[in-house]
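Dear colleague,

I am passing on the structure we spoke about, and below it you will find my notes on a few of its side chains. Please read them with the model open beside you.

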Amino acid sequence: MHRIYFCATFTYLSKETNLTVDMKRLTSLLILCTFNYVSVVHAQENEKKEPPEFMDDSADEDYSYLKNEETANEYERIFAQGLKFIPLNKKGNTYLTIGGQYRPRFESTVNENYTEEDDTYYSHRLNLHANLHFGKYVRVFADVFQGFTSGSEDRSLEDDELAIHQGYVEFTIPLKENQWSFTFGRKQLDYGAGRLVSRRDGPNMRRSFDLIQTDYQFNQNSIQVFYGKEVQSEFDAFDNDFALFDSGSSNPKLWGVYTDFKVGKILGKTQLYYLGFNSDFSSFSDVSGEETRHSIGIRRYGTLGKRMIFNTELVYQFGELGDATISAFNFEFDYKYVLINTPWKYTFGLKFDYSSGDRDQGDDKLQTYNPMFVNPALYSLAAVNTPVNLNGLHPNFKIYPFKDFSIYMDYAFFFRSSKDDGLYTPPRFQIRTADSGSSAYLGSAIGMKILYEINRNIEFEWRSTYFIPGDFVKESGESESIFYTGPTLEFKF
């Protein structure tokens, strides 16, 4: 059993402070954020179970095993355990769970957006959440975020004095071995591999939706039906108004049905879904205006034996943008092979992604794919590209030199899917038009991610990407090679 003593001192940095960040300053910042960490190992007579891991969504974490002393003693003690189960009545079925996160990061981009301009800054994210359970069937979850970056100007999606990221009530109806739940409020959504709807964890401010949702779970399968509006990130405290019933808001709308199920003896699991999207204004290729788009998709994912991991997804989109009729698609496969009988665990992978582009400008049809609320990091670690009129091949590998430490390497080649459509950057902005170059080749990128899980509460990650512009970028304007690096420390409790 490990008993961890963690001493932290938080520092407030004013927007007026001018920081010259170099590697020496980076080291100081990381030391400041890591602080005086000491781990004391105590031998035990009886081996205990490992505590539950942190989830991507804190609302999914379950600490009910702490309800009574007998079951609690079966697990290793965790940091801030007293905050994980706070009983509010004698029976202990009404209780509160409190947690949070502190994430400091140093980011540096050389030749941003292919120009000779560099951008270097420090940022951090503070988060505090509370999960209040009223018995087995009612709970209220709240999640508050604060984002900060150095420098005199606020950065979109990075700076926010204080924001309610999530705040919802959930009711559950038990149905024998199944359950049916209803959710109302503000909630983050993650579907599939994050290729259409994701929480967007790269910037300080995650993505969430004001929504109503129902979820039916049966035999380890699930069906979700929802309608919501994306929450717009602002800079001041609590200025993200609840927009679900505001007919005058311009927040993009999202609705749909998402299913996750297993069919008989077929290996892996299947996801079938329909997603509807509406935006007051969108712009793709040579078309702009109000957009209503419908996406129908199927995803197959899972493992084949102990060595093979697979993920395949196909999406077809239709609808209208302005006066144009939409007909677009996306296809992706991602396969990994794991060598398990080796001193170091190796994983070799190959990923291919194809997102359609407009085939003929000037007509009343649009074939440009819309990734809607995608996680851009799926396409390059520095989020240089977004899956609009894009196809790319990604050979990659991952090694584990020792437990809880991994190194991931990726080399990707990118092309325009159609020469009659342009180049887009996250989330879906066209930065180079189709007629600014004749080549389909956009460039290649070398990516690296180092991940070290120091212990249950502390994690260190370092992402770096070097993007080499291809012929189209060179033909269409400035074409400097882009280098991005972003070491990040994360403390959770």
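D119 is buried, since its relative accessible area is 14% and the cut-off for buried is under 20%. Please bear in mind that this is a predicted model, and that the values here are computed from it. D119 belongs to strand 5, which covers residues 119–134, and its side chain makes a polar contact of 2.8 Å with the side chain of R155. Leaving aside residues up to four places away in sequence, D119 touches E107, S108, T109, E112 and R155.

I then turned to the aromatic residues, where the structure holds 33 aromatic pairs. One of them is formed by F329 and Y354, which are stacked with 5.6 Å from centre to centre and 15° between the planes. Because F329 lies in strand 15 (residues 324–339) and Y354 in strand 16 (residues 345–355), this pair ties together parts that are 25 residues apart in sequence. F329 counts as partly exposed, at 34% relative accessibility, and Y354 is partly exposed as well, with a relative accessible area of 25%. Elsewhere, W180, F182, Y216 and F218 form one aromatic cluster.

Two arginines are also placed over aromatic rings: the charged end of R293 sits over the ring of F284, 5.5 Å from its centre, while R299 lies over the face of Y301, at 4.1 Å from the ring centre.

Conventions: Residues numbered from 1 in each chain as written. Predicted model: local features only at pLDDT ≥ 70, side-chain atom pairs only at ≥ 80, totals over all residues. Heavy atoms only, no water. Phe/Tyr/Trp six-rings, centres within 6.5 Å; stacked < 30°, edge-to-face > 60°. Helix = DSSP H or I, 4+ residues; strand = E, 2+ residues; numbered from the N terminus. Buried < 20%, exposed > 50% of the residue type's maximum accessible area, 1.4 Å probe, protein only. Lys NZ or Arg CZ within 6 Å of the ring centre and 35° of its normal. Polar contact = N/O pair within 3.5 Å; in protein donor to acceptor, adjacent residues only side chain to side chain. Contact = heavy atoms within 4.5 Å.
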